[in-house]
Amino acid sequence: MIILARDDRILSGSVGLTSTSVTDFAVNLMDDAMSRIGPNLRPAVLRSSHASAAGLFDARDVAPPLQPVAASLAALGLDALVCVTMPFLAAHIAPAPPEATLVGRLVLLLLVLVLGGGAVSGAYRHALLFRGGEQVRAVLRAGGSSLAVMALAVALLGEPRDVSAGWAFASGALVLGGLAVGRLGLARALAGGAGQRFAQRTIIVGSGLAGARLLRLLRQLDERSVRIVGIFDDHADLAEGLLEGVPILGPVANLLALVRRGMVDEVVLALPWSEERQILELIDLLSDFPVHVRLAPDLISYHFPRCVQLDLHGHPMLRVAERPISGWGSVLKRAEDIAVAGTALLLCALPMAAIALAIRLDSPGPILFRQKRTGFNNHDFEMLKFRTMHHHMAEYRICRQTTRDDPRVTRVGAILRRTSLDELPQIFNVLRGEMSIVGPRPHAPGTRAGSRPFEQVVDRYAARHRVKPGLTGLAQVRGLRGETRTEDKLVRRVEADLEYIESWSLWLDLVIILRTLFIVLRMQNAY
């Protein structure tokens, strides 16, 4: 639980902040917030910047949870284990069992039906896994329906005499019993300390009646799939310290510090709907970060929950901003990255070794060029490239971009840049999880379009950091690559990046990868 601090420091705790970096971090936060949020929120930011303001936090217990999909995978694995083992177990204890090959075919059909039916009926939803009774009922519905479909299929398409009634009943009973026992065991494990590893870190904005009622509802239902980190409110009385047992952490500006440090998974706006302007400003502000944003129903809506979309782990809530490529999508995206990057590394290992030798023979200096780039959630990482410039002339901070016929580029470097082979070491960035194969290309902090930094040219520039940067992207295959001499080029590039984020799919990634290969062969806009 976060502890309310009563001084003007952000205590470091276990989140990586040191006493020497806190001041710069807070100042940068205030500058950014002042430049981006609306007039209704600026007074709150000013109040929070005073030394006497309370509410700056000690985030000691905001460790990142395991992905919610990991709990769903555990449930899916348990169900699959039951479906595979129980029919074979029944063959050993029931009289006149079918042939092993027939049991194997029936097991495969049962596996597809149970897992598919469970997915459709919501038996693998994150919130449901924390509630034993509900998930047992859900998985038994899926299992019972699957067994009924199997029985019908055998009667219509197979030879019923090949399947003895004793084995059929024994298999059905063992499968349903195994599903129920497995899910009860999972719910019990999640109800203990293990469940906290999967609970989503949630912030509530608003300490009024709506916020208090939401907290009471979550406590009444013993909701374990969310972990309420704290409450932020510009108008809260910090002297009270707690609301329904949850700490009040100060004005909304302080929330950005948690979000920027990757300590928040969901933000719930529990504000009166009459505060339309403030709600819209908050949504606009938070939509640039990789967090889910929910709008709690107004007070009267709690009496009509069926009229409101059920969203926050089964509780009435409106979705207003989604973290892109999350849940199962993030699993598929990571699997794609590992598969493509691993294959590329195997195919390119010898060419990369030859390139390294050519760089070493061409000019003195390191083989690899390492440069800070802005990645997921605005966190910097060290991007790798083959060095293409003379070592003493290389730009590590990107004071100016590379231009056509740039004198800093070496002979080997010119070939590498024209063929985009200098990007190959970023395969290791992908395997380390810092980048994806496809995504917005990472830019160096301080890069300019024309005479202005990128952040000042495009209002929603930060929104491109809601996903991992990529080796290639939609902007690149549309020809929006190379030097950004004008602001218009950057605007069109960011528009393409945001379009990719909003419309992501595995098929889109495949199309971009194939188009990238053709563009590399044509050597367009690469220098």
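Helix α3 (residues 68-93) packs against helix α4 (residues 100-121) at an angle of about 155°, and their axes lie 9 Å apart; here axes are lines fitted to C-alpha atoms, for helices over the stretch in contact, with angles running from 0 to 180 degrees between N-to-C directions. That angle makes α3 roughly antiparallel to α4, a term used for angles over 145 degrees. This is a predicted model, in which local features need pLDDT of at least 70 and side-chain atom pairs count only at pLDDT 80 or more, while totals for chains, interfaces and linings use all residues. Residues are numbered from 1 along each chain as its sequence is written, and side-chain values use heavy atoms, leaving out hydrogens and water.

Where the helices are in contact (heavy atoms within 4.5 Å), the α3 residues include Leu-76, Cys-83 and Phe-88, and those of α4 include Val-103, Leu-110 and Leu-115. The residues of this contact divide into 13 nonpolar, one polar and one charged.

Now turn to strand β3 (residues 200-205), a DSSP run of E with at least two residues. Six of its six residues are buried, so β3 is largely enclosed by the rest of the structure; buried means under 20% relative accessible area, with a 1.4 Å probe and protein chains only. Gln-200, Thr-202 and Ile-204 lie on one side of β3, and Arg-201, Ile-203 and Val-205 on the other.

Strands pair if DSSP finds at least two bridges between them. β3 runs parallel to strand β4 (residues 226-232), joined by six bridges, and Thr-202 stands opposite Ile-228 in β4. β3 also pairs in the parallel sense with strand β7 (residues 266-269) over four bridges, where Val-267 is the bridge partner of Ile-203.

How values were computed
Angles under 35 degrees count as roughly parallel, over 145 as roughly antiparallel, 65 to 115 as roughly perpendicular and the rest as oblique. Ala, Val, Leu, Ile, Met, Phe, Trp, Tyr, Cys and Pro count as nonpolar, Asp, Glu, Lys and Arg as charged, and the others, Gly among them, as polar. Buried means under 20% relative accessible area, exposed over 50%, partly exposed in between (1.4 Å probe, protein chains only).
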